[in-house]
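Let's take a look at this structure together. Have the sequence and the 3D view open as you read.

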Amino acid sequence: MKLLCKDNQYFEALADSCDGIDLALVEVGMEAPSSGFDKIVYVGDNVDLGRVLTLLHEVRSVAVVQRNQRIKNDLEYAQRLTQFGDQLFTQPMAVQLPNLEFNERVDFTSHMDKSKVVSKAEELIQRSGVQNVSDTLRSIVEELFMNAIFDAPREAIKKGWGVDYVRGKSCSFDFGYDAENFCISCSDPFGSLDVDYLLQRLKIVFDKGAGQSINFGEGGAGLGCFILLENSVQMTIAVRAKKMTFFSCLVPRWSSRKDRVLNSKSLHVVRYL
Amino acid sequence: MSAKFDLKLQKDGDKVNVTLSGVIDEDIDFTKYPIEGAKQIQLNLGGIKSINSCGIREWIKWINKAKDASIVYDQCPKIIVDQINMVEGFLPSNGRVASFYVPYYSEESGNEKNILFTWGKEFTDKGLMTPAAVKDEDGSEMEMDVIEAKYFKFLKK
């Protein structure tokens with residue numbers, strides 16, 4: 001692992017455990033190495049969302065993590081994704097929350113299953129004993145559900161793939177928490193997401209404002225992923241084209257709403273061609 | 001969190017009172033609730049449980065049909081205040097907020113309480129007059145659980 005940060009010594013222990021992984025850890029603002037490293041993780045202080053999105057446009061860039069109280073977990077997660085990213089599609093909670101306390105999966109195939117999914121989210125909140133995350137987690141579930149049920153198949157059809165290849169397959173929600181965080185993940189069997197288009201779209205919403213960016217025509221409103229980012233402190237996007245798209249959002253479990261808003265956001269992207 | 005949506009619309013001359021509850025999502029059909037031609041529209045939003053991105057879009061399309069009306073949003077829950085702040089046009093230029101909820105949180109107990117801020121009491125055109133002290137049922141002090149500059153941004157418009 002190559003370290004190009006203002007406080008390299010902080011990351012040296014992590015670097016030792018990443019031997020053999022072609023990962024460069026680069027301070028936001030420094031130039032990433034032009035060769036020799038397949039993947040880049042950017043690190044910065046209070047990096048604003050617009051900058052996070054711009055940095056992730058770079059094809060080798062796999063994450064932007066914030067230098068805050070979650071940085072150690074964030075970097076270890078980035079490392080796990082580099083080695084075991086494909087496990088997001090099979091065991092998402094094991095990759096995201098290694099010290100899992102609770103995990104449940106809900107499969108769904110149509111819009112009719114929405115109430116089933118929402119009920120599971122409610123159970124998660126009840127079981128966790130946390131009061132002040134209800135609307136946050138509900139917003140996340142709403143947008144992830146619509147992505148999987150409406151946006152993903154629509155994109156597959158637009159690409160000319162048809163949807164026969166997914167006949168009989170279902171989407172999945174995974175709900176989980178550990179001592180510190182809730183995690184809600186959603187995967188669909190279409191794999192139709194264009195990550196770079198999504199990042200560009202998010203940047204437009206960030207730059208112009210949500211009100212100026214709404215799509216009033218056919219299809220989705222174009223705000224869903226922005227709402228996901230607004231409601232989480234870490235988001236993961238993974239795509240295996242024509243196989244699966246995966247979204248995941250992390251929400252701190254024992255924190256005030258104010259602290260959640262103050263947390264600058266980390267974003268991880270896994271691209272499989 | 002029931003998935004059901006309910007809207008009661010009462011007309012009184014050219015004034016319309018609307019009470020909404022439940023979830024505003026991709027299933028919403030606001031065309032069933034015409035508000036064109038009204039001169040005053042009072043919307044009681046206290047019963048809204050959630051609104052997603054499709055619901056936001058449909059709301060804006062609907063509320064824009066009453067461009068000539070004086071519109072009042074009453075008892076806005078936090079999720080509605082968040083949209084007012086995040087999405088330009090969610091509160092139209094001919095609209096104002098008469099009351100809205102502010103979450104308070106106790107670090108000690110983890111309890112949350114929503115306090116209603118009403119125009120003329122907790123806020124006016126001159127600014128905020130926040131309650132002196134808020135306590136939970138156990139007597140623990142609670143603090144306003146929002147970033148004030150962000151949450152009250154709409155009051156400055």
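Here is a quick tour of a helix pair, a chain interface and some salt bridges.

This is a predicted model, where local features need pLDDT of at least 70, side-chain atom pairs count only at pLDDT 80 or more, and totals for chains, interfaces and linings use all residues. Residues are numbered from 1 along each chain as its sequence is written, chains are lettered from A and ligands numbered from 1 in the order in which they are written, and side-chain values use heavy atoms, leaving out hydrogens and water.

**Two helices in chain A**
- In chain A, the axes of helix α2 (residues 49-57) and helix α7 (residues 195-208) come within 9 Å and cross at roughly 160°.
- That makes α2(A) roughly antiparallel to α7(A) (the word applies to angles over 145 degrees).
- Residues of α2(A) including A:L53 and A:H57 meet residues of α7(A), among them A:L199 and A:F206 (contact means heavy atoms within 4.5 Å).

**Where the chains meet**
- 30 residues of chain B touch 36 residues of chain A, using that contact cut-off.
- Four salt bridges link chain B and chain A (each is a side-chain nitrogen of Lys or Arg within 4 Å of a carboxyl oxygen of Asp or Glu).
- A:K114 pairs with B:E26 in a salt bridge, with the closest N and O atoms 2.9 Å apart.

**Across the whole structure**
- Over all chains, there are 23 salt bridges.
- A:E101 and A:R253 form a salt bridge, their closest N and O atoms being 3.1 Å apart.
- A:E101 sits in the loop between α4 and β5 of chain A and A:R253 in the loop between β9 and α10, so the pair ties together parts 152 residues apart in sequence.

How values were computed:
Axes are lines fitted to C-alpha atoms, for helices over the stretch in contact, and angles run from 0 to 180 degrees between N-to-C directions. Helices (H or I, at least four residues) and strands (E, at least two) are DSSP runs, numbered from the N terminus. Angles under 35 degrees count as roughly parallel, over 145 as roughly antiparallel, 65 to 115 as roughly perpendicular and the rest as oblique.
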